[in-house]
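Take a moment to look over the chain shown here. Then follow it from its overall build down to single residues.

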Amino acid sequence: QVQLVESGGGLVQAGGSLRLSCAASGRTFSMYAMGWFRQAPGKEREFVAAISWSGANTIYADFVKGRFTISRDNAKNTVYLQMSNLKPEDTAVFYCAAERTVDQLWVGALHTRYDYWGQGTQVTVSS
């Protein structure tokens with residue numbers, strides 16, 4: 001089992017940048033594929049980005065390509081989401097999620113595939 005704690009959210013002006021972090025407990029973090037999702041008020045949770053446990057594979061939602069970068073440091077049990085050129089429509093609670101897998105290349109965009117979730121961190125982008 002793994003516990004996830006997000007941090008790094010906040011208020012930023014449009015065009016600005018933020019880096020979210022997700023710290024995981026447990027000694028087998030390197031065997032968890034990780035994902036970032038977000039949920040805006042009144043909207044469903046949506047996929048943002050994901051990374052395989054090896055770090056070799058990454059996938060992104062179309063609306064963040066070229067602006068967001070997901071990465072991980074298995075030695076620090078942490079996954080990151082570097083966000084740049086933020087837009088007001090990026091305002092949401094951002095969640096990290098983990099899925100244990102033996103496939104070092106597996107990445108997933110469906111929130112139903114992830115078993116573990118953090119509490120979320122608020123990102124607010126002002127215009």
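A strand here is a DSSP run of type E with at least two residues, and strands are numbered from the N terminus. Keep that in mind for Ala 61. This residue sits in the loop between strand S6 (58-60) and strand S7 (68-73). The model you are looking at is predicted.

Now step back to the whole chain. Its secondary structure comes to eleven strands and zero helices. Read along the sequence, the pattern is β-β-β-β-β-β-β-β-β-β-β.

What about its overall dimensions? Along its principal axes, the C-alpha trace spans about 45 × 25 × 25 Å. A compact globule with 127 residues would have a radius of gyration near 14 Å, and the chain has 13 Å, so the two agree.

Buried residues make up 44% of the 127 residues. The chain exposes about 6500 Å², and carbon and sulfur atoms supply 47% of that area. As for charge, there are 12 positive and 10 negative side chains. The centres of these two sets lie 5 Å apart.

Go inside. Which residues touch the most other members of the largest nonpolar core? They are Met 34, Trp 36, Leu 81, Met 83 and Phe 94, out of 37 residues in that core. Several strands give two or more residues to this core, including strand S4 (32-39), strand S8 (78-83) and strand S9 (92-100). Beyond four places in sequence, its contacts include Leu 20, Trp 36, Val 48, Ile 70 and Phe 94.

Back to Ala 61. Is this residue buried or exposed? Its relative accessibility is 9%, and buried means under 20%, so Ala 61 counts as buried. Leaving out residues up to four places away in sequence, Ala 61 touches Phe 47 and Val 48. Ser 30 is 31 residues from Ala 61 along the chain, and their C-alpha atoms are separated by 23 Å.

Finish with another loop residue. Tyr 114 lies in the loop between S9 and strand S10 (116-117). Tyr 114 counts as buried because its relative accessibility is 4%. Val 93 is 21 residues from Tyr 114 in sequence, and 17 Å away in space, C-alpha to C-alpha.

Definitions and conventions
Residues numbered from 1 in each chain as written. Predicted model: local features only at pLDDT ≥ 70, side-chain atom pairs only at ≥ 80, totals over all residues. Heavy atoms only, no water. Helix = DSSP H or I, 4+ residues; strand = E, 2+ residues; numbered from the N terminus. Buried < 20%, exposed > 50% of the residue type's maximum accessible area, 1.4 Å probe, protein only. Contact = heavy atoms within 4.5 Å. Core = buried A, V, L, I, M, F, W, Y, C linked by side-chain atoms within 4.5 Å. Rg over C-alpha atoms; globule rule 2.2 N^0.38 Å. Areas by Shrake-Rupley, 256 points an atom, 1.4 Å probe, with all protein chains shown as cover. Lys, Arg positive; Asp, Glu negative; His and termini not counted. Charge placed at Lys NZ, Arg CZ, Asp CG, Glu CD.
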